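Hi everyone, thanks for coming. Let me put the model on the screen, and then we'll walk through it together.

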Amino acid sequence: MAIQIYNTMSRRKENFEPLNPPNVTIYNCGPTVYDRFHIGNARNFIFMDMVRRWLEYRGFTVRFVQNLTDIDDKIINRARAEELDFRAITGRYTAAYFEDAGRLGVRPADVHPKATEHIGDIVKLIQRLIDRGLAYEAGGSVYFSVKSFKPYGKLSGRKTEDLLEGARVEVSAEKRDAADFALWKAAKPGEPKWDSPWGPGRPGWHIECSAMAMVELGETIDIHAGGIDLSFPHHENEIAQSEGATGKPFARYWMHNGFLNIDSEKMSKSLGNFLRADQILERWPAAAVRHFLLSGHYRSPLDLSENAMEDSASAVKRIQDGIETAEKLLELVSGKTTDGETDETRELRERVETAMDDDFNTPRALAVLFDAVGLIHETRKQVEGDGEERLAAIGRLSALLAFVREFAEFFGLTASIGASTADKLVEPLMQLLIETRALARKRKAFDVADMIRDRLADIGISLEDHPQGTIWKRKE
Ligand code: AMP
Ligand code: ZN
């Protein structure tokens, strides 16, 4: 069965057929680097990174591009407020993007093109649109003439009249039509500016994506993505610019994630109801944040709450405990694990694949992962039995462990996601304590052995002695 993707353009799920298989090109509209991003933005970054990984899992070679908008009004305003050059602002928040995204387990894209590094490409594209009669110059600015592009509105189903109420549309006396939008903005005093055939100025927001997508990925791309708020007017304008210039379809599949809400309202900078990624990471482990963001289907709205985060934190803990328990038990009973699959794990894998191929149904895929963790606990008891049953159980547990580990890593739910160096030291230090206690007991220094056990209990760690050795656990 092919992968099915819901295409905003056709409003239905379609079989995914890239233009040049096995290659896939993806353009995801990235952040405006004027502040640290919030976890509504993170929903898009994490989800699209996971789409990229799933296509790779399915054997495609993906080229993933996510731009950085490094010149726009919000950046200029922030630079003014801090009395800094705008590059000091974009430099700071570009670094912050990579830091926070990295902590959340989001891989960097293959390319992160910046608007300011593609001014030449942007100017060329604008010129092409003027030459084709789709754009006009007025007072040193250039506008796209929406009326000249007949299919305008085909993505969102919205009319040009709606544009007037659309986000980020400026009113200007220079426009021939109120719905027209700026491709090039004439420089105002004190603003950053670049030379152009129309005088000094800077690019509009929409044109940068059309120009950079074309340069990095070609005139027709496979998947274009962003949050649902970008479908209109941003993506509609991108289509008008790109298809207006090339006469070719711009993107074959349009994917839009739903909003992350807080108290049923979209999380956004302008509403002030946002929680930045770095803030939520102070409270919750990265794996829990990822679990929460992937726990709903990407096209549905998702509501952030204390309860939802608590549920996600205990969900990832259950997975991590399952992995840890199986690892330690297998090490004790056989000293090694095999990666062979069993009928059971093959069936589990098929269920994950069916869920993910069906328009990236992460909640269904995660449910399978939890079923597998349940089976680990079921198998545990058999492993501690004896005879032939025990040998079969070791094979079964090994396969389940490999399965859970693979998909916990795939979804970024393991303890090592965003883990600090200190976190990574816990396991080797615990092994040292366990060995020291074993040695103390062997030498009949029971007071030392008991002290180790009691002091660990004080900090919430329990030791479990088995005939084959000792394993440790964090207490519930
Ligand atoms: P921006 O920096 O505002 O252009 O946003 C970067 C990405 O995050 C875009 O794809 C937006 O559509 C997306 N986004 C912004 N707010 C939310 C939200 N509350 N929920 C989900 N996605 C969002
Ligand atoms: Zn864009």
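Let's start at the metal: the site of the zinc ion (ligand 2) is irregular, with angles of 72 to 130° among its four donor atoms. For the labels, four donors are tetrahedral if all angles lie between 85 and 135 degrees; four are square planar and six octahedral if opposite donors are over 155 degrees apart and all others between 65 and 115; anything else is irregular. As a reference, ideal angles are 109.5 degrees for four tetrahedral donors.

Some housekeeping: this is a predicted model, where local features need pLDDT of at least 70 and side-chain atom pairs count only at pLDDT 80 or more, while totals for chains, interfaces and linings use all residues. Residues are numbered from 1 along each chain as its sequence is written, chains are lettered from A and ligands numbered from 1 in the order in which they are written, and side-chain values use heavy atoms, leaving out hydrogens and water.

So which residues coordinate the zinc ion? They are Cys 29 (SG), Cys 209 (SG), His 234 (NE2) and Glu 238 (OE), at 2.0 to 2.6 Å. Donors here are N, O and S atoms within 2.8 Å of the metal (3.2 Å for Na, K and Ca), and water is not among the atoms, so sites may look incomplete. The spacing of the donor residues in sequence is C-x179-C-x24-H-x3-E. Distant parts of the chain are linked here: Cys 29 sits in the loop between strand 3 (23-28) and helix 1 (39-57), and His 234, 205 residues apart from it, in helix 7 (residues 231-246). Helices (H or I, at least four residues) and strands (E, at least two) are DSSP runs, numbered from the N terminus.

Cys 29 is buried at 6% relative accessibility, and His 234 is buried at 1%. Buried means under 20% relative accessible area, exposed over 50%, and partly exposed in between, with a 1.4 Å probe and protein chains only. Helix 7 has 16 of its 16 residues buried, so it is largely enclosed by the rest of the structure. Just after helix 7, Gly 247 has a positive phi of about 75°.

Next, Leu 125, in helix 4 (residues 119-131). Leu 125 is buried, at 3% relative accessible area. Beyond its neighbours within four places in sequence, Leu 125 is in contact (heavy atoms within 4.5 Å) with Ile 207, Ser 210, Ala 211, Met 214 and Ala 245. The C-alpha atoms of Leu 125 and Ala 211 are 6.5 Å apart, across 86 residues of chain.

Now the domains. An automatic or database assignment gives domain 1 (4-132 + 206-283), domain 2 (305-417) and domain 3 (421-476). The area buried between domain 1 and domain 2 is about 1,400 Å², with 60% from carbon and sulfur atoms; that is accessible area (1.4 Å probe) lost on putting two parts together, summed over both. On the domain 1 side, Met 50, Trp 54 and Tyr 57 lose the most area to domain 2, together 41% of what that side buries.

Finally, where does the largest nonpolar core lie? In the largest nonpolar core, of 83 residues, Leu 55, Phe 360 and Phe 411 touch the most other members. A core is a set of buried Ala, Val, Leu, Ile, Met, Phe, Trp, Tyr and Cys residues joined through side-chain atoms within 4.5 Å. Both domain 1 and domain 2 give residues to this core, so it lies between them.
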